[in-house]
Amino acid sequence: MKDYLSVVIKPTLYCDTDCRHCYHTPEERVKGSMSLATVENIMRLVSEEYEAAWFIWHGGEPLTLPLSFYKEAIALEEKYFGKGSFRYGNTIQTNGLGLNRRLMAYCRQKQINIGVSYEGPFNGVLREGDASKAIASLSDKDNKYSASATISAETALRQKEIYRYFRGRNTDVSLSPVIPAGCARCGGLVPDPDDYIRGSIEAFDDWLLDSGSEIPLIPHYLYVLNYLGEPVPSDCAHTSCLTKWICVNPDGTVYPCAKACPPEFRMGNINDAASIAELFRSEGFGNILRGSVERREKCRGCEIYRYCGGGCSMDFYHECGIENNTGDSCRIYREIFAHVAAEIQKILDEKPDMGRYNRFIRDAVIGKLVNPKTVIQ
């Protein structure tokens, strides 16, 4: 069996808000939901081929479906992966408007992570509705979630403020830019790359020297681990995840990514497939793979290729064509990663008082100083 697969499941494309940057156009966001027969086919095929899997319930807005749907879906996971086993895990990625104590109690019971797409004080820039009301209604015990903050042109230079907002609430946060896909193709939402780089580096520097911080700042923390030679989970904003992820739409159609994949990358339908391996042998997957390989050949001479693996194929598809490496996402990653790497290498070289850094930096760097053979440099 293969080791691991991440599976984005979009049980519905319908959404109760109209975010300005959504990958899906208004014409796609219609009511309708995935059948439990389709959910069962996903669980059966993945469990037969993979030792472990992580399921990300996405959309659309997944919490427009009732809790009973997720209870049935989790029961199917337990049937095929084994109840109480460590072979599977779940995240529900939501706009936060449907959060309530009953849902959170069930998620605690089943160890389901909650990810909220939420920009804190700048949430209104991109999104309708106010998730803070639903979040604030939860008790401290219930209020366990991580935030995914999408950075637009308006907030590119406010990333440090966003970090501090979530730091003050002890909530993990990840920062990622709007990409020119779906609704974001027009409207001036995509951040200027220079502004995004500057804002991202400011946020990292603030987090780096925030000795009291109890949250990892993503993706910067992953860049630290990557530079130090630690195996890290796929950071889908800046690495290649091909063969490691699939996305299943409500009707069962399968794509290699959740980011507004075009029809030429369609891998087939989960309800017609005999195996996940068959989907990866499809013409659609061959199309994205050929373009990605062509781009990576252009990247191999770059000093950071070993860290990014040629970057995110869908980012390049929407920016400049999948076979090209001239998109803004490349420069953004390269400059931010170079800054993070330089700061970490300075710590390794100078061995300063580690008390000035946050605990994530302290633990990562001290571990490498204790066992220096694992440090790449």
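Where is A260 found? A260 lies in the loop between β9 (253–255) and β10 (268–269). The model described here is predicted.

Most peptide bonds are trans, and most residues other than glycine have a negative phi.

A260 is one exception, with a phi near 50 degrees, a positive value in a residue other than glycine. N170 is another residue that is not a glycine and has a positive phi, in this case about 55 degrees. N170 is placed in the loop between α5 (159–167) and β6 (173–177).

Cis peptide bonds also occur. One joins G59 and G60, with an omega of about 15 degrees. G60 belongs to the loop that runs between β2 (50–57) and α2 (67–82). A cis peptide bond also joins I218 and P219, where omega is about 15 degrees. P219 sits in the loop between β7 (217–218) and α7 (220–227).

## Salt bridges across the chain

Side chains of opposite charge can pair when their charged atoms come close. The structure holds 14 salt bridges. One of these is formed by R167 and D210, whose closest N and O atoms are 2.8 Å apart. This pair links distant parts of the chain: R167 is in helix α5, D210 is in the loop between α6 (193–208) and β7, and 43 residues separate them. Is D210 buried or exposed? D210 has a relative accessibility of 15%, so D210 counts as buried, the limit being under 20%. R167 has a relative accessible area of 31%, so R167 is partly exposed.

R359 and E214 also meet through their side chains in a salt bridge, at 2.9 Å from N to O. Here too distant parts of the chain are linked, with R359 in helix α13 (residues 359–370) and E214 in the loop between α6 and β7, 145 residues apart. R359 is partly exposed, with a relative accessible area of 29%. E214 is also partly exposed, and its relative accessible area is 43%.

A further salt bridge brings together the side chains of K259 and D315, again with an N to O distance of 2.9 Å. K259 is in the loop between β9 and β10, while D315 is in helix α11 (residues 313–319), so the pair links distant parts of the chain, 56 residues apart. Both K259 and D315 are buried.

## Aromatic pairs and a cluster

How many aromatic pairs are there? The count comes to 20. Among them is the pair of Y118 and F166, which is edge-to-face, with 5.9 Å from centre to centre and 80 degrees between the planes. The two residues come from distant parts of the chain: Y118 is in the loop between β4 (112–117) and α4 (131–136), F166 is in helix α5, and they are 48 residues apart. Y118 is buried, with a relative accessible area of 2%. F166 is buried as well, at 0% relative accessibility.

The rings of F204 and W207 have their centres 6.1 Å apart.

Y223, Y227, Y307, Y333 and F337 form one aromatic cluster.

## Charges over rings

Some charged side chains are placed over aromatic rings. The charged end of R169 sits over the ring of Y165, at 3.6 Å from the ring centre. The ring of Y14 has the charged end of K31 over it, 5.3 Å from its centre.

Technical notes
Residues are numbered from 1 along each chain as its sequence is written. This is a predicted model: local features need pLDDT of at least 70, side-chain atom pairs count only at pLDDT 80 or more; totals for chains, interfaces and linings use all residues. Side-chain values use heavy atoms; hydrogens and water are left out. Helices (H or I, at least four residues) and strands (E, at least two) are DSSP runs, numbered from the N terminus. A salt bridge is a side-chain nitrogen of Lys or Arg within 4 Å of a carboxyl oxygen of Asp or Glu. Buried means under 20% relative accessible area, exposed over 50%, partly exposed in between (1.4 Å probe, protein chains only). Rings of Phe, Tyr and Trp (its six-membered ring) pair if their centres lie within 6.5 Å; planes under 30 degrees apart count as stacked, over 60 as edge-to-face and the rest as tilted. A charge sits over a ring if NZ of Lys or CZ of Arg is within 6 Å of the ring centre and within 35 degrees of the ring normal.
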